[in-house]
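Me: I am new to reading protein models and would like a close look at one part. Could you walk me slowly through how the helices pack there?

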Amino acid sequence: MTRQTATTGLYLKRVSVASMAHTDSQCPYLRSDGINRIRSFEIAEGRAQLLRMTKMHPALIRAQAFCERFGLSLPILLAPMAGASPPSLSIAVAKAGGLGACGALLMQPKAILNWAEQVRADSGGAFQLNLWAPDPPPARDREHEEEIRTFLAQWGPEALIDAGDATPPDFNAQCEALLNAAPPIVSSVMGLYPPEFVSRLKARNIAWFANISTVAEARAAETAGADVIVAQGMEAGGHRGCFEAARAEREMVGLFALLPAVVDAVAIPVVATGGIADGRGVAAALLLGASAAQIGTGFLRCPEAKTHPAWAEALAVTPPEGTIVSRVFSGRAGRSIATDYVRAATARGAPAPAPYPVQRGLTSALRENGGKTGDIHRMQVWAGQSAAMARADPADEVVRRVWQDAKALMA
Ligand SMILES: Cc1cc2nc3c(=O)[nH]c(=O)nc-3n(C[C@H](O)[C@H](O)[C@H](O)COP(=O)(O)O)c2cc1C
């Protein structure tokens, strides 16, 4: 019954508080023979351990409970990142004791199953699969889309006439793939899963982590049956996970305000994400009530992330104010480096972006060409406000260092 937990670094013996009430003065007969002497010793040792445990910061005890529930050895989660979730990154994070993740938004069912199979085989299976809840079909305005195409032509190859028609993979088929892949955790963003799908997750013992970015969304997710809330501060890189696209740029809540408010509003564990990229951020998140921290941009410079070199280099020199939230890549609000294209497309006089996913289709030629030429000003370079804290080190080193540093701050 004795084992070391990576979360605490302590050897814990499971001695119940009830059994510890039987101290030698209350139960003197415990000392009457050899067996009872051993029992008495165990109880004394257990009491010492409990004392040491109670000296442990409550935030660490909370994190430990989360890790035990989800089979992790430390409370660091890789963020699901559509288009930036290669199996190699999840394998490295999971092998270091954290949780891997796949942003499956753009993946066909077969690719989702292959990803899960590979990560499970190489990492022991600690990972989450993530999907976006789909928006209603976008309203189309061909005249406006023409204006956007003309604007985009100044920045890259002309967008094809039907570029805005691009349709994402079928959501229902992706949901079936999630169930067939049978991960320990499935997560949602941009809304909630339909009740029927939630029931099927629960029947298979798959936990549901719901991304939210306001207190109201957190409450709605808990009511809908989420097992864990992932609270995304507006510092986060990539798309904002707001349920309603139209509110994403208005309701910009920072993690320092969002996290304690969400922790107070719900009874289920809360994971913090957005702008966390080192031990200080993780410690702060746990002290504000989180059970674990989820990191996205902070892993993008790791070799296992296979990030485009121009993007990875740009992250290293991007200060918090060098990022910006806009809809200019996909039509949904997301935080990226404030490149020349982003500045121009958000300047007065530029055409407003088309809704998601029309804008994503319209900008695909620009983004692809930017990637080919390595020009970050024409690439989609998502970045959280702590981009410059990302280190170009192996992901397992990043995981361990971040957690060691966080623990040291809470000792
Ligand atoms: C490149 C990139 C892609 C992302 N794609 C998704 C996604 O598909 N689903 C999702 O829930 N969140 C997505 N996010 C948001 C992350 O899950 C997370 O909230 C964010 O990375 C946290 O902020 P940080 O980047 O400052 O660590 C993405 C973020 C990045 C940087």
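Reply: Helix α11 (residues 279-287) packs against helix α16 (residues 395-410), at an angle of about 55° and with the axes 7 Å apart. This is a predicted model, in which local features need pLDDT of at least 70 and side-chain atom pairs count only at pLDDT 80 or more, while totals for chains, interfaces and linings use all residues. Residues are numbered from 1 along each chain as its sequence is written.

Helices (H or I, at least four residues) and strands (E, at least two) are DSSP runs, numbered from the N terminus. Axes are lines fitted to C-alpha atoms, for helices over the stretch in contact, and angles run from 0 to 180 degrees between N-to-C directions.

The angle makes α11 oblique to α16 (under 35 degrees is roughly parallel, over 145 roughly antiparallel, 65 to 115 roughly perpendicular, and the rest oblique). The crossing of α11 and α16 is right-handed, meaning that the near helix is turned clockwise from the far one by less than a right angle. On the α11 side, the contact uses Gly279, Arg280, Val282, Ala283 and Leu286; α16 brings Val402, Trp403, Gln404, Asp405, Ala406, Leu409 and Met410. Being in contact means having C-beta atoms, placed from the backbone, within 7 Å. Sorted by class, these residues are eight nonpolar, two polar and two charged (Ala, Val, Leu, Ile, Met, Phe, Trp, Tyr, Cys and Pro are nonpolar; Asp, Glu, Lys and Arg are charged; the others, Gly among them, are polar).

Now follow α16 to another partner. Helix α4 (residues 87-95) packs against α16 at about 40°, with their axes 8 Å apart, so α4 and α16 are also oblique to each other. Their crossing is right-handed. Here Leu89, Ala92, Val93 and Lys95 of α4 meet Ala395, Asp396 and Val399 of α16. That contact holds five nonpolar, no polar and two charged residues.

Finally, look at the core. The largest nonpolar core has 105 residues, and Ile229 and Leu259 have the most contacts inside it. Such a core is a set of buried Ala, Val, Leu, Ile, Met, Phe, Trp, Tyr and Cys residues joined through C-beta atoms within 7 Å, where buried means 20 or more other C-beta atoms within 10 Å of a residue's own. Leaving aside neighbours within four places in sequence, Leu259 touches Ala231, Val270, Ala272, Ala285, Leu288, Gly289 and Ala290.

Note on methods:
Contact = placed C-beta atoms within 7 Å. Buried ≥ 20, exposed ≤ 12 C-beta atoms within 10 Å, placed from the backbone.
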